[in-house]
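Please read it alongside the sequence and coordinates shown here.

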Amino acid sequence: MPLREKGGKYGLANGGRLMAKLAPRFLIQIRIPMAQFGTVFCDHMTIARFENGSWGEAAMQPLAPLPLHPASHVFHYASTCFEGFKAYRWQDGKARIFRLHDHVARMQRSAKSLYLPIPDADLLVGMVEDLVRKQIDDIPQPPSSLYLRPTLIGTLPNIGAAAAPSTEATLFVLASPVGDYFAGGARPLKLLVADTFARSTEQLGSTKTGGNYAAALGPTLDAKEKYGVDQVLFCPGGDVQETGAANFLLISDEEIITKPLNTSFLHGMTRASILTLARDLGYRISERDFTVAELFEWVPTYEAALSGTAATLTPVGTLVYNGEEIPVRDGNAGPNTDKLRKALQAIQYGDAPDTHGWLTEVSL
Ligand code: COI
């Protein structure tokens, strides 16, 4: 597998194994750590454009900057949404994409809420599958994976269109070999409980749009600097919602408590998968609103965790509130979080049957 040099960074495939050919008969493998999440890209992308009322054909092209008019709608009025999901390389050498069709459906919902041209499901599925097929040798071995990032942007060149939709758009898919999202792997995270900020708005919280991440950025950077936390748990008016990049769950030996779906927060596919697996394992699922006060009643006995494609299921060990550090149970990763993460990963890695039909095999 070639190394690819791009803007000073290079892509490295095969699960962090550097394949160095010394001589025709000797092939050595050296294990080196994966690059920081999201900083290394495969050397191809797929792209399609919406113009004159319809989607054109998708193309495979070398990864390259996009030529965009500086008046493009996205630059001025933030008409953009994206998805994030993973393909895994199994022992049989084939790739499986996790919940591809559900992610495509979520992107269609995001596009609809932003009045962007809605990508045809078959078009986007094909773009993802073609890219995974093309870059199959770049998929690292589990626990690493190939992160896929379909992105839709409004390209109408009209700075007067502040209150009008972008009737032109570009859809592209990037692929990036990734390891852990949070530095340090599945270590227990520290969160600031912020009851003054919302991560998003009532109408756009469940839309996967860049503006929501922009809104979370300031409070998150501030909290990192002031309290040394990993993330902020946004709890506007005391309503426990989610962090900037993941959903929030409380877990005991019998029960999972998490917020019920509404438009104020992102409907995570990992959240949905964990709840389904937990139900299979006999946990009671309590999708209910809860307050910061209730959260602090529960954390002496409940585990807390963040769920997301990037985060998988990462334990939370400490909450910071009003300048005080409050441990979640004993501050360590809990057994239920570990059990549920492993149950999910067993399916993703091909070690357990895919009883819910979540995986799409990419034929070679
Ligand atoms: C994901 O989990 O896929 C996300 O989109 C979060 C992102 C901040 C990496």
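Asn 52 counts as exposed because 7 C-beta neighbours lie inside 10 Å; a residue is buried if 20 or more other C-beta atoms lie within 10 Å of its own, exposed if 12 or fewer, and partly exposed in between, with C-beta atoms placed from the backbone. The place of Asn 52 is the loop between β5 (44-51) and β6 (54-55); helices (H or I, at least four residues) and strands (E, at least two) are DSSP runs, numbered from the N terminus. Although Asn 52 is not a glycine, its phi is positive, about 50 degrees.

The model is a predicted one, in which local features need pLDDT of at least 70 and side-chain atom pairs count only at pLDDT 80 or more, whereas totals for chains, interfaces and linings use all residues. Residues are numbered from 1 along each chain as its sequence is written.

**Backbone geometry**

Most residues other than glycine have a negative phi, and most peptide bonds are trans. Tyr 115, which is not a glycine, has a positive phi of about 55 degrees. Tyr 115 is found in the loop between α2 and α3, and it counts as partly exposed because it has 13 C-beta neighbours inside 10 Å. The peptide bond from Pro 142 to Pro 143 is cis, with omega near 10 degrees. Pro 143 belongs to the loop between α3 (121-134) and β11 (145-154).

**Helix α4 and its surroundings**

Helix α4 (residues 210-227) has 18 residues and reaches 25 Å from its first C-alpha to its last, close to the 26 Å expected at 1.5 Å a residue; the expected span is 1.5 Å times one less than the number of residues. At Leu 217, shortly before the proline Pro 219, α4 has a kink of about 35 degrees, the bend being the angle between axes fitted to the seven residues ending there and the seven starting there. Just after α4, Gly 228 takes a positive phi of about 65 degrees.

Which residues of α4 are buried? They are Asn 212, Ala 216, Thr 220 and Ala 223. An α-helix has 3.6 residues a turn, so residues three or four places apart point the same way. The buried residues of α4 pack against β13 (189-194) and β14 (231-234).

Leu 192 is placed in strand β13 and is buried because 24 other C-beta atoms lie within 10 Å. Leaving aside neighbours within four places in sequence, Leu 192 is in contact with Ala 223, Tyr 227, Val 229, Val 232, Leu 233 and Val 320; contact requires C-beta atoms, placed from the backbone, to lie within 7 Å.

**An exposed pair of loops**

Arg 288 lies in the loop between β18 (284-287) and α6 (292-298), and it counts as exposed because it has 10 C-beta neighbours inside 10 Å. Apart from neighbours within four places in sequence, Arg 288 is in contact with Ile 257 and Pro 260. Pro 260 lies in the loop between β17 (255-258) and α5 (269-280) and is exposed, with 9 other C-beta atoms within 10 Å. Not counting residues up to four places away in sequence, Pro 260 touches Glu 287, Arg 288 and Asp 289.

| Residue pair | Separation along the chain | C-alpha distance |
|---|---|---|
| Leu 192 and Asn 322 | 130 residues | 9.1 Å |
| Arg 288 and Ala 272 | 16 residues | 14 Å |
| Pro 260 and Thr 209 | 51 residues | 20 Å |

**Domain arrangement**

The chain is divided into domain 1 (5-178) and domain 2 (189-349), with bounds that come from an automatic or database domain assignment. The C-alpha centres of domain 1 and domain 2 lie 26 Å apart. Across the interface, 20 residues of domain 1 are in contact with 13 residues of domain 2. On the side of domain 1 that touches domain 2, β8 (80-82), β9 (85-89) and α2 (100-113) each supply at least two residues. The largest share of that side, five residues, comes from α2. The residues of that side of domain 1 divide into ten nonpolar, five polar and five charged; Ala, Val, Leu, Ile, Met, Phe, Trp, Tyr, Cys and Pro count as nonpolar, Asp, Glu, Lys and Arg as charged, and the others, Gly among them, as polar.

**Ligand surroundings**

The ligand is surrounded by Gly 84, Ala 245, Gly 308, Thr 309 and Ala 310, a residue being near a molecule if its C-beta atom, placed from the backbone, lies within 6 Å of it. This shell divides into two nonpolar, three polar and no charged residues.

Terms used
Two residues are in contact if their C-beta atoms, placed from the backbone, lie within 7 Å.
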